[in-house]
Amino acid sequence: MTVTVRYTCPHCNAMVSLERPPDLADRSVTKVRQPGWEYASPDDPDRESADGIEFVCGEDGPVTDLEGEPVEGCGRPFYLNFVRYEQGVELEPEPPTYGGPRFDFMR
């Protein structure tokens, strides 16, 4: 069983749809890769075992606006990041790039 999930391109707000298993572990959609994470393409059959999925807006299938009308994508990459665990503990990206201020300037 799969469900259709829609992701918004953070560059142009176009929507891309993807068939996924219903037990999602999505963390965020970002404009940049998380350092050290491995990304799969949307058509990779093993994409759920990767750290996330790399989309290229408009090149990985049809894109629509919020109402479902076809639009052209911007052609820029964006990244769906999955939640990652190590020994049962959720891992944070290092450094976190999914949003919010960073206060690591004293390191």
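**Entry 1: Cysteines**

A disulfide is a pair of cysteine sulfur atoms within 2.5 Å. With that rule I searched the whole structure, a predicted model, and I found zero disulfides. I then asked which cysteine sulfur is closest to that of Cys 12. It belongs to Cys 57, and the two sulfurs are 3.7 Å apart, too far for a bond. I also looked up the accessibility of both residues, where buried means under 20% relative accessible area, exposed means over 50%, and partly exposed lies in between (1.4 Å probe, protein chains only). Cys 12 is partly exposed at 31%, whereas Cys 57 is buried at 4%.

**Entry 2: Ground rules**

I note that residues are numbered from 1 along each chain as its sequence is written, and that side-chain values use heavy atoms, with hydrogens and water left out. In this predicted model, local features need pLDDT of at least 70 and side-chain atom pairs count only at pLDDT 80 or more, while totals for chains, interfaces and linings use all residues.

**Entry 3: The chain as a whole**

I looked up the secondary structure, in which helices (H or I, at least four residues) and strands (E, at least two) are DSSP runs numbered from the N terminus. The chain has zero helices and 10 strands. Its pattern along the sequence is therefore written β-β-β-β-β-β-β-β-β-β. Of the 107 residues in the chain, 28% are buried. I also looked up contacts, meaning heavy atoms within 4.5 Å. Among contacts between residues at least 6 apart in sequence, 53% join residues at least 24 apart.

**Entry 4: The sheet**

Two strands pair if DSSP finds at least two bridges between them. I found an open sheet of four strands, in the order E1-E2-E6-E7, with antiparallel pairing. Strand E1 (3-8) and strand E7 (70-71) each have a single partner strand, so they stand at the edges and one side of each lacks a neighbour in the sheet. Inside the sheet I followed strand E2 (residues 15-20) and strand E6 (residues 63-64), which pair in the antiparallel sense over two bridges. Which residue of E6 stands opposite Met 15? I read off Thr 64.

**Entry 5: Salt bridges**

Side chains of opposite charge can pair when their charged atoms come close. I counted a salt bridge wherever a side-chain nitrogen of Lys or Arg is within 4 Å of a carboxyl oxygen of Asp or Glu. How many salt bridges does the structure hold? It holds four.

One of them joins the side chains of Glu 48 and Arg 20, at 2.7 Å from N to O. Glu 48 lies in the loop between strand E4 (39-40) and strand E5 (52-56) and Arg 20 lies in strand E2, so this pair ties together parts that are 28 residues apart in sequence. I noted that Glu 48 is partly exposed at 32% relative accessible area, whereas Arg 20 is buried at 1%.

Glu 48 also forms a salt bridge with Arg 47, with the closest N and O atoms 3.6 Å apart. Arg 47 counts as buried, at 14% relative accessibility. I recorded a network of salt bridges that links Arg 20, Asp 26, Arg 47 and Glu 48.

A further salt bridge joins Arg 33 and Glu 54, whose closest N and O atoms are 3.1 Å apart. Arg 33 is in the loop between strand E3 (26-30) and E4, and Glu 54 is in strand E5, so the pair ties together parts that are 21 residues apart in sequence. Both residues are partly exposed: Arg 33 at 39% and Glu 54 at 24%.

**Entry 6: Lys 31**

I looked up where Lys 31 is placed, and found it in the loop between E3 and E4. Lys 31 is partly exposed, at 49% relative accessibility. Leaving out residues up to four places away in sequence, Lys 31 touches Pro 10, His 11, Pro 77 and Tyr 79. Lys 31 and Cys 9 are 22 residues apart along the chain, and their C-alpha atoms are separated by 8.3 Å.

**Entry 7: Enclosed space**

I looked for cavities on a 1 Å grid over the protein atoms alone, where a cavity is a set of points where a 1.4 Å probe fits but cannot get out. Grid points are joined across faces, edges and corners, and a volume is the space filled by probe spheres set on the points. I found one cavity of 30 Å³ or more. The largest cavity holds about 40 Å³ of space. Its lining residues (an atom within 4 Å of a point) include Cys 9, Val 16, Phe 55 and Phe 78. Cys 57, the buried cysteine of my opening entry, is also among the lining residues.

Definitions and conventions:
1 Å grid on protein atoms, 1.4 Å probe; cavity = no way out; pocket = protein on both sides within 12 Å on 5 of 7 lines; lining within 4 Å.
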